[in-house]
Amino acid sequence: MSTLYPQNNASRMMTDLGGIWDFRFQEDESWQPIAVPASYNDQNPDPRFRNYAGITEYRRKITVPAAWKGFRFCLRFDAVAHSARIMLNGREIAAHRGGFLPFEVELNGLMEAGETAELTVETDNRINHNTLPIGTEGETAFFGSDNPGIPAVEAGKKLQEERGVNRPAFDFFNYTGIQRPVRLIATPRSFIRDITLVPSLNGDVRYSVETAGPEDTIRVEILDAEERCAAQGEGREGTLHISQPCLWEPWPGIPYLYTARITYGEDLYEQAFGIREVRVEGTRFLINGKPFRFHGPCKHEDSPFHGRGTDPCLNVTDINLYHWLNANCFRTSHYPYAEEMYQLCDREGIVIVDETPAVGMWASEQYGWNLADYHLQVLADMIARDRNHPCVVMWSLGNEPDTDTLPDKAYEYWHSLYEAAHRLDPQDRPVTVVGCQNRYEREKVIKSMDVVLINRYYGWYNLSGDLEAAKYAFRIELDWWAKQQKPLILSEYGADTIAGLHGAVAEMFTEEYQVAYYEAMSECLDERDFVIGEMPWNFADFATCQGPMRVGGNRKGLFTRDRRPKMAAHWFRERWKTF
Ligand code: BDP
């Protein structure tokens with residue numbers, strides 16, 4: 001379902017519903033305060049907020065302003081994790097599955113302008129084999145040691161199962177709730193539903209507009225950055241021409257943005273876009289015809305207090321730290337991020353590899369789980385939401401699926417998604433899926449993507465602490481990839497590092513080891529022309545579920561969770577100066 005990002009303009013109005021709502025776990029009687037948007041998990045020291053698996057309820061009053069009489073009005077949820085039921089005065093009016101993409105609920109016919117109603121949002125954070133991301137019910141924790149077969153341990157696990165365990169099959173905390181903004185929005189009754197823009201380097205801009213209503217006339221005007229008209233036309237679809245177009249160039253170039261101003265009846269919508277072309281040619285990735293080298297750490301939406309909650313201050317801070325690092329990109333590991341982040345990256349020239357929430361599919365049984373239709377739906381919704389952003393240069397179908405146990409089944413599954421992504425994206429961006437450290441020589445999926453993205457932990461999870469052996473092994477693998485003649489990005493590599501832990505000898509977990517590890521890996525990467533990118537894991541330390549390998553979360557950040565640079569951040573800042 002496509003839903004345009006809310007806009008306040010001469011035709012459209014909105015009320016932000018952010019603030020303090022009522023909250024309770026479903027079985028509770030009483031309500032307590034909760035901030036929206038934010039994950040609920042860190043807002044209360046009661047352990048239930050961290051550990052709860054089930055349904056929670058959010059409640060508040062909403063009023064449709066009397067001045068909205070005659071308008072179409074709806075609720076717009078930017079994301080509710082992981083699924084939601086929306087109730088108005090106790091009656092269900094909508095339901096949505098998936099925690100990282102927006103949905104709208106029409107209110108006309110349910111409420112009159114000037115009326116007040118009680119809005120309840122039920123959220124469900126349970127994850128299993130039918131959700132994206134994947135969770136395990138009654139199974140071992142990610143990175144847990146389950147000591148199979150020991151009777152006492154088995155008995156303990158049985159007790160856990162009886163109590164109901166719900167664990168992520170992925171390495172980030174299962175933050176949930178109303179994590180992104182909720183707004184009441186009003187548009188004219190005849191309104192613009194969707195806009196697609198496909199710009200070319202010669203200044204041609206192909207467009208199409210989807211509308212609802214009886215009006216015929218659609219006007220499109222393209223404004224340059226100084227708001228001067230650069231082209232204009234009429235009609236539902238067509239091609240406009242901008243003479244002497246300014247291109248959208250990734251940082252440190254100028255990410256020039258145009259605006260398509262669409263008018264339809266009484267409605268108006270302004271869609272920012274950039275003119276840039278993305279192409280894979282041989283082992284090169286070209287942006288506007290020039291080879292592009294990806295260099296920037298992968299991210300998470302994660303911070304103290306907010307959890308995964310949208311925080312514009314955090315986003316601006318993070319992107320400025322990307323500039324400080326001399327980084328030019330990130331991957332939205334492991335789910336689509338809040339729309340505001342893409343808008344910021346459009347403006348700041350930071351390139352994005354946009355990823356679906358298909359993470360945790362590391363069991364070969366995934367190919368019997370009937371996930372394909374839902375996965376396709378999520379992919380389609382992500383592309384529909386993000387396809388006009390110049391910052392998005394590649395789609396990632398998911399992270400680290402098992403592709404080597406059942407190579408043919410895996411190929412079938414991932415290739416139908418690969419083809420769908422190409423079909424669904426009017427800009428036809430390159431498509432990939434991120435490979436885990438596996439039997440690369442026998443799998444078929446990763447090497448068949450437009451760009452090979454692989455996560456590798458030589459010197460960390462394997463050959464731990466021995467960087468000479470790590471380099472030796474990594475070079476053997478890179479020799480194999482060289483023969484595949486594809487562009488390759490090292491899409492994750494890293495070492496857990498406790499900020500402030502030092503050693504004259506660079507041993508694991510010290511800041512010195514993190515630097516030595518990145519020096520060693522960079523040595524291998526720099527020898528290869530087909531390597532077109534490096535994405536250290538991770539930008540900042542982030543929260544995970546508990547486990548024997550996690551000390552207050554994943555510590556592979558170049559920055560601490562509160563965004564203080566470790567030695568490795570300074571090291572990359574120097575390295576990337578010359579990229
Ligand atoms: C990779 C996962 C990533 C983890 C990382 C790690 O893609 O989500 O956080 O390993 O272990 O396998 O640090």
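Strand S2 (residues 19-25) and strand S3 (residues 32-36) run antiparallel and are joined by five bridges. The model is predicted.

- Phe-25 stands opposite Thr-56 of S4.

**The sheet S18-S17-S20-S21**

- Four strands make up an open sheet with antiparallel pairing, in the order S18-S17-S20-S21.
- Its edges are strand S18 (229-234) and strand S21 (267-273), each of which pairs on one side only.
- From one strand to the next, the twist averages 15°.
- Strand S17 (residues 218-223) pairs with strand S20 (residues 258-264) over six bridges, in the antiparallel sense.
- Opposite Glu-221 stands Arg-261 in S20.

**Helices H8 and H9**

- Helix H8 (residues 511-526) packs against helix H9 (residues 567-575) at an angle of about 30°, and the two axes are 8 Å apart.
- H8 is therefore roughly parallel to H9, since angles under 35 degrees count as roughly parallel.
- On the H8 side, the residues that meet H9 are Glu-511, Glu-512, Gln-514, Val-515, Tyr-518, Glu-519, Ser-522 and Asp-526.
- On the H9 side, they are Met-567, Ala-568, Trp-571, Phe-572 and Arg-575.
- Sorted by class, this contact of H8 with H9 has six nonpolar, two polar and five charged residues.

**His-295**

- His-295 is part of strand S25 (residues 294-295).
- With a relative accessible area of 5%, His-295 is buried, because buried means under 20%.
- Two backbone oxygens lie beside polar atoms of the His-295 side chain: that of Arg-293 at 3.0 Å and that of Asn-326 at 3.1 Å.
- Apart from neighbours within four places in sequence, the residues in contact with His-295 are Asn-326, Ala-327, Asn-328, Cys-329, Glu-534, Trp-576 and Phe-579.
- The C-alpha atom of His-295 is separated by 8.7 Å from that of Ile-532, although the two residues are 237 residues apart along the chain.

**Lys-299**

- Lys-299 sits in the loop between S25 and helix H3 (312-325).
- Its relative accessible area is 3%, so Lys-299 is buried.
- The side chains of Lys-299 and Asp-318 make a polar contact at 2.8 Å.
- Beyond neighbours within four places in sequence, Lys-299 is in contact with Asp-318, Tyr-322, Phe-330, Arg-331, Ser-333, Tyr-337, Met-341, Asn-538, Phe-539 and Arg-563.
- One of these contacts, Asn-538, takes part in a cis peptide bond with Trp-537.

**Cis peptide bonds**

- Most peptide bonds are trans.
- Ala-81 and His-82 are joined by a cis peptide bond, with omega about -10°.
- His-82 belongs to the loop between strand S6 (80-81) and strand S7 (83-88).
- A cis peptide bond also runs from Trp-537 to Asn-538, where omega is near 10°.
- Asn-538 is located in the loop between strand S32 (531-534) and H9.

**Positive phi angles**

- Most residues other than glycine have a negative phi.
- Glu-400, a residue other than glycine, has a positive phi, near 55°.
- Glu-400 is placed in the loop between strand S28 (392-399) and helix H6 (407-424).
- Leu-463, also a residue other than glycine, has a positive phi near 50°.
- Leu-463 falls in the loop between strand S30 (452-455) and helix H7 (467-484).
- The relative accessibility of Leu-463 is 38%, so Leu-463 counts as partly exposed.

Terms used:
Residues numbered from 1 in each chain as written. Predicted model: local features only at pLDDT ≥ 70, side-chain atom pairs only at ≥ 80, totals over all residues. Heavy atoms only, no water. Helix = DSSP H or I, 4+ residues; strand = E, 2+ residues; numbered from the N terminus. Buried < 20%, exposed > 50% of the residue type's maximum accessible area, 1.4 Å probe, protein only. Contact = heavy atoms within 4.5 Å. Polar contact = N/O pair within 3.5 Å; in protein donor to acceptor, adjacent residues only side chain to side chain. Pairing = 2+ DSSP bridges. Axes fitted to C-alpha atoms, helices over the stretch in contact; angles between N-to-C directions. Parallel < 35°, antiparallel > 145°, perpendicular 65-115°, else oblique. Nonpolar A, V, L, I, M, F, W, Y, C, P; charged D, E, K, R; others polar.
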